[in-house]
Amino acid sequence: MMRQRTNKRLVRVGLALVASLWLGACGSLNAGRTAPPFRDPAMSMQSAHDTIEEGKTTQAEALAALGPTTEIRFDSGYAVWVYRARTAEPDADRAEFVILFAPSGVVKKTRLRPAY
Amino acid sequence: MFSLYTPPHVLTCQRTPARMAWVWLVLCVSATAQQQGPKVEQMPAVTVSGKANPNPVEKSYRKMFKGMDLFARQHSQSPDAELRFKLLPRKPGTDMQTITLAVVGDTVDFLVPIAADHTFTLPHDALALQEDAQVIPNRRALSMTWRTDIRAPGLPTDTRRLGDLRLECKVGMEAGLISNSSNFIGRLTSAALDTPAYCDKVAPLYLFFADRPLFSVTLVSGQRREILAIDQLYANASDDPGLKGNLPYCDCEVLVDRTYVLPLGDRSWPDDTLVEFEYMEGE
């Protein structure tokens, strides 16, 4: 019985801890509405954009600077990487930083899209 | 619902072997005629067979005519544009340079000239309507797809007009031009929605194809500018890890990098909104 009670108490404590962590995470998203999608959480979309140099930055350098993300690779050899701000609401419009890599692996174009 | 791909055996059953042979005789002979030139003596013999091409990618003349009729009724949405239909490749390696297009019914048949940009217009033909004729290119099923092409003249370079694209969607749906199979496009289009009313949804998943591979698409109306989100480009590839496996069922298979969707039913964007394209190549 005692053991059971202890276990129940542990379960309750555990659940409370998980809930507080989850609420804390939601709270941090809600506070700023979005969270950065980069390896460095302090990096803004604009600073990420400023980090990448068209015609010069390579995929390896972008990966090192910004972290991994979604890649769309085309048969033509071009590839698009997209960094999207994280939001608490799944359907919310999100800011994006998009990088186009030429078949050579060097950045061809970039664009910043704000959340509308 | 977008018109789902009709299985080849269904098409085959709709036609007698003799009729199919005749259809392909028309197409083969006309293709030969198109290719004839100074070297006509070198042309190989044409073999006519009912099994020569049992899977043509064909469309209903009646349905396409209905699309033309809708265009006439709603022409005010694109007052300066004309309606053309367009053929696009669907499979890698599809030869788009020597296409022959014929309208074929029980007794009616005529060829339809195709422009260098793979667009064409259909003439009004009462007999073709009466006989429920088919519009038949000399290509196998699923090798090509179809769209409408409605372009106001005089627009800035690399732009389209939203009203033209709205009408393209409506006419395309009415004409039954979209050919997709499997559940892929069913998921994209929320299933049974092959009416022009689908195009009035705020964000219909009617796939448009730009002239070249896209990097960015921006809506511009006066001072208002909005860049399309990445999930509105490339057939939603950014959110669909299974896209590659589904692509054979989508008529965007070889056009993914040119694919985009628009908020057609969002009337806060007027018909004169410009859709600006930035392509992968170029500045």
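## Close-up views of a predicted two-chain model

**Figure 1. A:Glu71 has A:Trp81, in β3(A), as its bridge partner.** This is a predicted model, in which local features need pLDDT of at least 70, side-chain atom pairs count only at pLDDT 80 or more, and totals for chains, interfaces and linings use all residues. Residues are numbered from 1 along each chain as its sequence is written, while chains are lettered from A and ligands numbered from 1 in the order in which they are written. Strand β3 (residues 79-84) of chain A pairs with β2(A) in the antiparallel sense, and four bridges join the two. Strands count as paired if DSSP finds at least two bridges between them. Helices (H or I, at least four residues) and strands (E, at least two) are DSSP runs, numbered from the N terminus. A further position in this pairing is A:Arg73, which stands opposite A:Ala79 in β3(A). The two strands make a hairpin with five residues between them. In its turn, A:Gly77 has a positive phi of about 100°.

**Figure 2. An open sheet of four strands in chain A has the order β2-β3-β5-β6.** The strands pair in the antiparallel sense. β2 and β6 of chain A stand at the edges with a single partner strand each, so one side of each has no neighbour in the sheet. On average, neighbouring strands are turned by 15° against each other, direction ignored. Such angles are taken between axes, which are lines fitted to C-alpha atoms (for helices over the stretch in contact), and run from 0 to 180 degrees between N-to-C directions. Strands of a sheet pair through backbone hydrogen bonds, either parallel or antiparallel. Chain A has three helices and six strands, and from the N terminus on these elements run α-β-α-α-β-β-β-β-β.

**Figure 3. Chain A and chain B each give 13 residues to their contact.** Two residues are in contact if their C-beta atoms, placed from the backbone, lie within 7 Å. On the side of chain A that touches chain B, β2 (70-73), β5 (96-101) and β6 (107-113) each supply at least two residues. The residues of that side divide into seven nonpolar, two polar and four charged. Here Ala, Val, Leu, Ile, Met, Phe, Trp, Tyr, Cys and Pro count as nonpolar, Asp, Glu, Lys and Arg as charged, and the others, Gly among them, as polar. Within chain A, 53% of the contacts with a separation of 6 or more are between residues 24 or more positions apart.

**Figure 4. Four strands of chain B form an open sheet in the order β8-β13-β10-β11.** The pairing is antiparallel. The edges are taken by β8 (159-161) and β11 (224-227) of chain B, each of which has a single partner strand, so one side of each is left without a neighbour in the sheet. From one strand to the next, the twist averages 25°. Three bridges join β8(B) to β13 (residues 274-279) of chain B, and B:Arg160 has B:Val275 as its bridge partner in β13(B). Helix α5 (residues 162-174) of chain B lies across β8 and β13 of chain B and runs at about 65° to β8(B).

**Figure 5. B:Asp272 is found in the loop between β12 (259-260) and β13 of chain B.** B:Asp272 is exposed, since 11 other C-beta atoms lie within 10 Å. A residue is buried if 20 or more other C-beta atoms, placed from the backbone, lie within 10 Å of its own, exposed if 12 or fewer do, and partly exposed in between. In sequence, B:Asp272 and B:Arg160 are 112 residues apart, yet in space they are 9.4 Å apart, C-alpha to C-alpha. Leaving aside neighbours within four places in sequence, B:Asp272 is in contact with B:Arg161 and B:Gly163.

**Figure 6. B:His118 has a phi near 70°, a positive value in a residue other than glycine.** B:His118 belongs to the loop between β4 (109-112) and β5 (119-120) of chain B. It is partly exposed, with 17 other C-beta atoms within 10 Å. B:Asn236 also has a positive phi, of about 60°, although it is not a glycine. B:Asn236 lies in the loop between β11 and α7 (243-246) of chain B, and its 18 C-beta neighbours inside 10 Å make it partly exposed.

**Figure 7. Buried residues of α3(B) include B:Tyr61 and B:Phe71.** B:Met64, B:Gly67 and B:Met68 are buried as well. These five residues cover an arc of only 120° around the axis, which puts them on the same side of α3(B). The arc is that of the directions from the helix axis to the C-beta atoms. Helix α3 (residues 61-73) of chain B has 13 residues and reaches 18 Å from its first C-alpha to its last, close to the 18 Å expected at 1.5 Å a residue. The expected span is 1.5 Å times one less than the number of residues.
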